[in-house]
Amino acid sequence: MNSVINGSSQNYLEISWFAFICEAVEKNECFISFKIRVILYNELTTNGDKGKLETKTMEEFLENLRWLLLQEKSLSKGTIIITTHQQADPDAIGAMIGMECLIKEILKEKSNIILTLDDASVISDQIMNYLRITVHSKDALKFSNVSLLIVVDANNLEICPIAAQILREKDEISFIIIDHHEYSDDVAEKATLYLHSSICGSTSEMIATLLYINEYKINMTVSIALTCGILYDSGFLTRASSRLFAVLSYLCDVHPDVYSLSRNLLQVQMGPSEKIARIKAAQRMRRRMLNDLILLFTHVSSHESSAARALLSLGADLVVVVAQRKEETRVSIRASSYFKERTGVNMAKDLLPWLLNHFEGSGGGHSRAAGLNLVSGVTLEVIMQKILEFLEQIVSVGQEGDKNT
Ligand SMILES: [Mn+2]
């Protein structure tokens, strides 16, 4: 199938999504309204002209997904690959499992769907073991028969080596991406269908919504997988929107234990190396002030994102943790909501491009959390210097406090 690209549109469209919560509240005619951005690229077959088809709602996305799967019989005959970013987190896992269900539900016939991963986090492994989910490693796969590629929870193919490889090898393949990170022109250009929403706190939430709209009768496995994804990405609901509770009510209605089981699955005893990494990060940290904002810079050899989260919880406003490895330098950045409020700086949209202008590598993230994979040899010193340079353009940095403890 030929996918057609014809520029990108950036319309935000207000849609209403009738809420199942209403069913619980008798005669209540309330609805949940939220903004969602869906960009679709498709082939217009009616007049032979190639053009762009744009949708406004999740419902329309679903219609187009159905159209794509059912119209193009060859798609469902070949192998459908569902994959995600490296170090797959519970949201990525939940989204993959939910997406598999949605495709099966639409095709209603035997289809060959394969979940595949580069690697997964410890918590994700725990969830997959409990739910007995089979995922394939890249090495076990032959990509020759792939007819459709679906990527969830990523806006950058550089962090999805499997997807990147498939697209390199098969350029005519249909490619769907569903994601809640920042909108990416690059992805929009490559994708046959691109469902994007940065107002959804997780990709699992987006896919739960699609399942709901598709009137899918949810089962325990999918329910737990998606609930884990939602709980993980919302910080156990600390960043929940009111809409999210409606989604959770749909998921958790399956069984009274869904919520507690999911919570338990997300608990992981921290291993000694992670604890030590956090403590070393604290010992080595350097502190700078940006007016009343506290900036911390440090380095570890592994567990950089865990260390960044730990230091943020101490009260820092911006934390930058650098992990220099043989093959690359990883950088994990976290900001407090106060930092975002005061500076207006969006980590993924503002700081990341600035850093990638100066250092070779790739990165991705959200407004308050970002990660970079840079070429090896980049030190904490130079990264710190570049970040301070960036921040100085926004507000003058105080010189007080460059302490090692
Ligand atoms: Mn996510």
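Predicted model: local features only at pLDDT ≥ 70, side-chain atom pairs only at ≥ 80, totals over all residues.
## Overall picture

Let us start with the whole chain. The protein contains 16 helices and 14 strands, and 40% of its 405 residues count as buried. Contacts between residues 24 or more positions apart make up 65% of the contacts with a separation of 6 or more.

## An enclosed strand, S7

Because 6 of its 6 residues are buried, S7 is largely enclosed by the rest of the structure. In a regular strand, side chains alternate between the two faces of the sheet. Here Ser174, Ile176 and Ile178 point one way from S7, while Phe175, Ile177 and Asp179 point the other way, and all are buried. Note that Asp179 is in that buried list.

S7 also has a partner: strand S6 (residues 146-152) pairs with S7 in the parallel sense over 5 bridges. In that pairing, Val151 has Ile177 of S7 as its bridge partner.

## Leu68 and its contacts

Helix H2 (residues 58-71) holds Leu68. This residue counts as buried because it has 22 C-beta neighbours inside 10 Å, and the cut-off is 20 or more. Setting aside neighbours within four places in sequence, Leu68 is in contact with Leu75, Ser174, Thr192 and Leu193. Ser174 in this list is a residue of S7. Leu68 and Leu193 are 125 residues apart along the chain, yet their C-alpha atoms are separated by 9.2 Å.

## Helices H4 and H8

Two packed helices are described by the angle between their axes and the distance between the axes. Helix H4 (residues 90-107) packs with helix H8 (residues 203-213) at an angle of about 20°, and their axes are 8 Å apart. The angle is under 35 degrees, so H4 is roughly parallel to H8. The crossing of H4 past H8 is left-handed.

On the H4 side, the contact is made by Asp91, Gly94, Ala95, Gly98, Met99, Cys101 and Leu102. On the H8 side, Thr203, Ser204, Ile207, Ala208, Leu210 and Leu211 take part. By class, this contact has 8 nonpolar, 4 polar and 1 charged residues.

## Helices H9 and H10

Helix H9 (220-233) packs with helix H10 (residues 242-252) at an angle of about 155°, with axes 9 Å apart. That angle is over 145 degrees, so H9 is roughly antiparallel to H10. H9 passes H10 in a left-handed crossing.

Ser223, Leu226, Thr227 and Ile230 of H9 meet Leu244, Val247, Leu248, Leu251 and Cys252 of H10 in this contact. The residues here divide into 7 nonpolar, 2 polar and no charged.

## Two positive phi values

Gln87 lies in the loop between strand S3 (79-83) and H4, and its phi is near 50°, a positive value in a residue other than glycine. Gln87 is partly exposed, with 16 other C-beta atoms within 10 Å.

Glu215 sits in the loop between H8 and H9. Its phi is near 55°, again a positive value in a residue other than glycine. Is Glu215 buried or exposed? Glu215 is exposed, because 7 other C-beta atoms lie within 10 Å and the cut-off for exposed is 12 or fewer.

How values were computed: Residues numbered from 1 in each chain as written. Axes fitted to C-alpha atoms, helices over the stretch in contact; angles between N-to-C directions. Helix = DSSP H or I, 4+ residues; strand = E, 2+ residues; numbered from the N terminus. Parallel < 35°, antiparallel > 145°, perpendicular 65-115°, else oblique. Left-handed = near helix turned anticlockwise from the far one by under 90°. Contact = placed C-beta atoms within 7 Å. Nonpolar A, V, L, I, M, F, W, Y, C, P; charged D, E, K, R; others polar. Pairing = 2+ DSSP bridges.
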